[in-house]
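Let's take a friendly walk through a protein fold. Have a look at the picture, and then we will go through the sheet and the helices that go with it.

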Amino acid sequence: MKTHQIELQISAVGPAQYPGDQLPEIALVGRSNVGKSSLVNSLVGRKGFARTSNQPGKTQTLNFYTIDQKWRLIDVPGYGYAKVSKKQRADWGKMIENYLTQRENLRGVISLIDGRHQPMELDKQMVEFLRYYQLPVLVVATKTDKVPRNQRNKINSVFKQQLQIAKNEELILYSTVERYGQAEVWNWLNQQLN
Ligand code: GDP
């Protein structure tokens, strides 16, 4: 696997801290614990760079990771964690909405959804929200190695149907354990970034 340079440029809570340059950005969204940090690490071939944690919902900052000094992955704090206050949830909502709707550098969003289950209501709402703002969306079904091999095709059809994935949208099955999906995600990334 190719190793890429990755650097946490800034953990931001608001626009004043966003980097002021023109590097294209791709955001990562998903429920807490969906496998976001693991995906970042496996994409750049740097085990343990982005923090994988057992403390879902802890991060309330947008983490701007600069890759190969050319583009950025923006790690958006996970949604759907029960043990946060109403105020934290509202602040989270404002921060995300502001970034996703105002950021000119943004080229597309990877929506991570746990592939072991059917998409949940919040997952569907997030995909709808991104479509509403006409952001290119890639749906990545995570942890699919946990699904028996002979049922993995079903994830495809269930996700496509439940999320109403259109012809011009993509769905990729991903596993950091069995290591598949990475090349397909890179392919999509290159399309958005070039
Ligand atoms: P985050 O909170 O979204 O950043 O999620 P993490 O990357 O920290 O992952 C949450 C948990 O899911 C960790 O225990 C990971 O080891 C596990 N995990 C992540 N990706 C995979 C995967 O592809 N397969 C399996 N089996 N477990 C995974």
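## A crossover to start with

A crossover is called right-handed if, with the strands pointing away from the viewer, the path from the first strand over the helix to the second runs clockwise. Here, β5, helix α3 (residues 121-132) and β6 form a right-handed β-α-β unit. Helices (H or I, at least four residues) and strands (E, at least two) are DSSP runs, numbered from the N terminus.

## About the model

This is a predicted model, in which local features need pLDDT of at least 70, side-chain atom pairs count only at pLDDT 80 or more, and totals for chains, interfaces and linings use all residues. Residues are numbered from 1 along each chain as its sequence is written. The pLDDT, the predictor's confidence in each residue from 0 to 100, averages 91 over the chain, and 94% of the residues score at least 70.

Two strands pair if DSSP finds at least two bridges between them.

## Neighbours in the sheet

Strands β3 (residues 62-67) and β4 (residues 71-75) are antiparallel, with 5 bridges, and Phe64 stands opposite Ile74 of β4. By contrast, β2 (residues 25-30) and β5 (residues 106-114) pair in the parallel sense over 6 bridges; there, Val29 has Ser111 in β5 as its bridge partner. β5 and β6 are also parallel, over 6 bridges, and Val109 has Val137 in β6 as its bridge partner.
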